[in-house]
Amino acid sequence: MVPASVGRGAVLGAAVLSLLTVPARAATFEADAHAAAALPAPDVTGLDSVLHSVVDQGAPGALARVDDGDDSYLVTRGFADRSTRQAISAADRFRIGSVTKSFSAVVLLQLADEHKLDLDAPVNRYLPELLPDDRITVRHVLSHRSGLYDYSNDMFASSVSGFEAVRNKVFGYRDLIALSLSRPRTNAPGAAYSYSNTNYVVAGLLIEKLTGKPVRDAYEKRLITPLGLRDTFYVHPDTRIPGRHAHGYLTPDAAGAELVDATDQTASWAQSAGALISSARDLNTFYSALLRGRLLSAARLAEMERFTRVDGTTSYGLGLRRRDLSCGVSVYGHTGAVQGFYTYAFASKDGSRSLTAAANTSNNSKVLGTLAGALESAFCGEGAGKGTTGRAARVPAAGERDSRQ
Ligand code: HEL
């Protein structure tokens with residue numbers, strides 16, 4: 001029997017609890033007008049059925065947490081650990097993959113607020129001769145418009161052997177950038193959106209150069225400590241997730257092969273592009289604070305929210321995704337795919353409602369597509385997304401990285 005729990009309330013543990021787009025300055029950006037309509041109540045039954053499907057499709061477990069004003073809704077299905085059969089908890093820590101990019105972008109935008117960084121300056125102004133083209137700016141990097149090839153495409157062409165080859169490796173940022181530069185660039189600087197981990201490795205190097213300290217210090221001093229994120233850690237190059245956590249299971253490429261426990265890894269291939277560990281509560285706190293304007297000046301937040309269209313329902317700002325839901329509501333946050341874990345962490349425009357949903361498997365396109373339905377249930381209310389975009393696998397646009405099989 002697969003364990004499940006649904007609930008609402010404050011702290012009762014596992015059982016608690018219109019879009020208008022206007023063309024803007026450049027054709028590639030769109031203004032982000034937003035109807036301030038009240039959101040319908042979250043559909044907790046719908047959330048539970050999303051997680052149920054995710055487990056049916058091969059995830060050992062799945063969790064979701066909605067924070068809405070003073071209310072929290074926690075939903076779980078399945079196991080944190082297949083070997084001990086420990087039930088997953090909505091409080092479990094997990095690897096958040098590229099949700100890390102929002103943290104890295106916020107640190108750099110804070111440095112811009114402090115006049116230590118010009119977003120439109122060439123990266124090479126701060127890191128002389130790092131990149132082969134002086135036209136690549138900090139803004140290009142943060143918006144995935146630099147054209148820097150994503151080195152992880154080659155690294156994980158074969159999912160399990162690629163992962164095993166790097167799970168205990170420690171890379172320097174410059175090693176990862178050298179891997180990228182050994183391949184042709186995908187586009188001229190600024191000419192197109194092309195998602196690449198390389199951009200956020202450059203972001204990490206910039207953080208270290210401008211602060212004179214490892215990225216871990218910047219995450220801790222600027223975000224983790226001020227927001228009281230007790231479950232958020234940057235442990236690189238340590239391999240363990242501290243405290244109570246979900247194990248992560250990588251789905252092999254060969255159909256029917258046993259899941260691989262990928263929990264322990266250096267995540268050195270990702271670092272400032274994807275190595276943070278967190279929890280649903282902390283991610284909801286982080287995006288809520290960001291969107292409420294508590295982390296950046298209004299001007300910097302507006303820059304973070306200048307979006308480039310990626311596909312029919314997704315846009316990318318600076319380390320921030322926007323997803324347009326079937327009910328006309330847009331939500332803001334990031335997705336993550338790291339070996340063993342998928343994450344969706346998003347909040348409403350005003351930060352008043354936030355959702356984090358995670359599954360402890362990866363390399364499973366059905367699970368990734370189905371988990372997106374959690375956004376519909378959390379922000380669109382009852383009956384949302386059925387037969388529309390919510391539960392269908394999202395088709396990646398040209399240039400969008402697809403980690404799926
Ligand atoms: S991919 C994404 C997601 N991002 C990007 C980043 C992250 N994660 C990665 O680059 C990991 C790639 C390997 C993941 C691995 C798996 O599923 O465990 N896949 C394979 O090995 C496939 N052969 C754009 C989806 C994001 O949502 O931003 O996180």
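View 1. Q271 sits in the loop between β9 and β10. Strands (E, at least two residues) and helices (H or I, at least four residues) are DSSP runs, numbered from the N terminus. The model is predicted: local features need pLDDT of at least 70, side-chain atom pairs count only at pLDDT 80 or more, and totals for chains, interfaces and linings use all residues. Residues are numbered from 1 along each chain as its sequence is written, and side-chain values use heavy atoms, with hydrogens and water left out. Q271 has a positive phi near 45°, in a residue other than glycine. Its relative accessible area is 4%, so Q271 is buried. Here buried means under 20% relative accessible area, exposed means over 50%, and partly exposed lies in between (1.4 Å probe, protein chains only). A267 is found in the loop between β9 (260-261) and β10 (277-278). Phi of A267 is also positive, near 55°. At 1% relative accessibility, A267 counts as buried.

View 2. The ligand is surrounded by 19 residues. The closest are S98, F156, Y195, T335 and S362. Strand β14 (residues 330-338) gives the most to this shell, with four residues. By class, the shell holds five nonpolar, 12 polar and two charged residues. Ala, Val, Leu, Ile, Met, Phe, Trp, Tyr, Cys and Pro count as nonpolar, Asp, Glu, Lys and Arg as charged, and the others, Gly among them, as polar.

View 3. A polar contact is a pair of N or O atoms within 3.5 Å. A nitrogen atom of the ligand lies 2.7 Å from a backbone N or O atom of F156. In the side chain of S159, an N or O atom is 2.8 Å from a nitrogen atom of the ligand. A polar backbone atom of N363 is 2.9 Å from an oxygen atom of the ligand. Taken alone, the ligand exposes 650 Å², and the protein buries 95% of that. These areas come from the Shrake-Rupley method with a 1.4 Å probe.

View 4. Helix α8 covers residues 197-211. Its 15 residues should span 21 Å at 1.5 Å a residue, and its end C-alpha atoms are 21 Å apart, which agrees. The expected span is 1.5 Å times one less than the number of residues. Of the 15 residues of α8, 11 are buried, so the helix is largely enclosed by the rest of the structure. Among the buried residues are N197, Y200, L205 and I207. G212 follows α8, with a positive phi near 75°.

**View 5. Helix α2.** Helix α2 (residues 100-113) has 14 residues and reaches 20 Å from its first C-alpha to its last, close to the 20 Å expected. It is mostly covered, with 13 of its 14 residues buried. Just after α2, H115 takes a positive phi of about 60°.

**View 6. A192 in its loop.** A192 lies in the loop between α7 (173-181) and α8. A192 is partly exposed, at 28% relative accessible area. Leaving aside neighbours within four places in sequence, A192 is in contact (heavy atoms within 4.5 Å) with H144, R145 and N187. A192 and T308 are 116 residues apart in sequence and 9.2 Å apart in space, C-alpha to C-alpha.

**View 7. A cis peptide bond.** H236 and P237 are joined by a cis peptide bond, with omega about 10°. P237 is placed in the loop between α9 (215-227) and β8 (249-250).

Notes
Near = heavy atom within 4 Å. Polar contact = N/O pair within 3.5 Å; in protein donor to acceptor, adjacent residues only side chain to side chain.
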